[in-house]
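Q: Please take one part of this model and look at it closely. Then follow the charged pairs elsewhere in the chain.

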Amino acid sequence: MIIDVIIPALNEEKSIGFVIKAIPKGFVRNIYVCDNNSSDATTVRALEAGAQVLVAGKKGYGSACQAGIQKIIANGTANYPDILVFIDGDYSDYPEEMILLVDKMQTEGLDLVIGSRISGNLEKGALTIVQRFGNKLATYLIRIFFKYHFTDLGPFRAIRFQKLLELKMEDPNYGWTVEMQVKAAKHKFRVGEVSVSYRKRIGISKISGTFKGVIGAGSKILLIIFKSFVKG
């Protein structure tokens, strides 16, 4: 079983090394840090920690993730991983817990596994009230519209690579995670969740840490859910 990891990152020089070094040794093949035009030493720290660094041509969380996917595709079908894990570069998740996600996927024959912060060990203050409300509303709408039950839109997730390609992911920024979950539901993927631990991130969030980020992310998430439902 071959596992690759994608870490989208923007100005995470203080945390990226911790994330990479906490990934279980020998568990994954490649670690791709997809830099989203950082102005600090994120890329240097990532290289020092042993990751491969890719530069996303366009800004946006989804664009960074796509840079990693396109690199894997360019490596050729013979080199595709069986499973691709996504995790943020801010050290809020516990990278060592990716073993739990992959084990759940393998044991139950799932296509997509979400690391749920809501049902896991959540450090006080790690998620804002706005984030909690947004999660609850978005997952409720997914359950009502698509009959799939999620508790979180958490960025820590594992997906079978061939299944990911079937989704034809498009969103370049805030809507990446919810797009994956909505499309997985529409494609009737076998999905599941694993309770994960979550702590306060290192540094300021680009989304929850700014008013623009909160409004932008919330609007995009709702737009994707409603558009997907209307398209059928």
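A: In H5, the buried residues are Asn135, Ala138, Thr139, Leu141, Ile142 and Phe146. Buried means under 20% relative accessible area, exposed means over 50%, and partly exposed lies in between, with a 1.4 Å probe and protein chains only. Seen down the axis of H5, these buried residues fall within an arc of 155 degrees, so they line one face of the helix. The arc is taken from the directions that run from the helix axis to the C-beta atoms. An α-helix has 3.6 residues a turn, so residues three or four places apart point the same way.

This is a predicted model: local features need pLDDT of at least 70, side-chain atom pairs count only at pLDDT 80 or more, and totals for chains, interfaces and linings use all residues. Residues are numbered from 1 along each chain as its sequence is written, and side-chain values use heavy atoms, leaving out hydrogens and water.

Now the other side of H5. The face turned away from the buried side carries the exposed residues Ile129, Phe133 and Lys136. H5 covers residues 129–146, which is 18 residues. From first C-alpha to last, H5 reaches 25 Å, close to the 26 Å expected at 1.5 Å a residue. That expected span is 1.5 Å times one less than the number of residues. Helices (H or I, at least four residues) and strands (E, at least two) are DSSP runs, numbered from the N terminus. Just after H5, lysine 147 takes a positive phi of about 65 degrees.

Next, the charged pairs. A salt bridge is a side-chain nitrogen of Lys or Arg within 4 Å of a carboxyl oxygen of Asp or Glu. By this rule the count is nine.

One of them joins aspartate 4 and arginine 29, with the closest N and O atoms 2.8 Å apart. This pair links distant parts of the chain, 25 residues apart: aspartate 4 sits in strand E1 (residues 3–9), and arginine 29 in the loop between helix H1 (16–22) and strand E2 (30–35). Aspartate 4 has 0% relative accessibility, so aspartate 4 counts as buried. Arginine 29 is partly exposed, at 34%.

Glutamate 179 and lysine 183 form another salt bridge, 2.8 Å from N to O. They are four residues apart in helix H7 (residues 176–186), so about one helical turn separates them. Both glutamate 179 and lysine 183 are buried.
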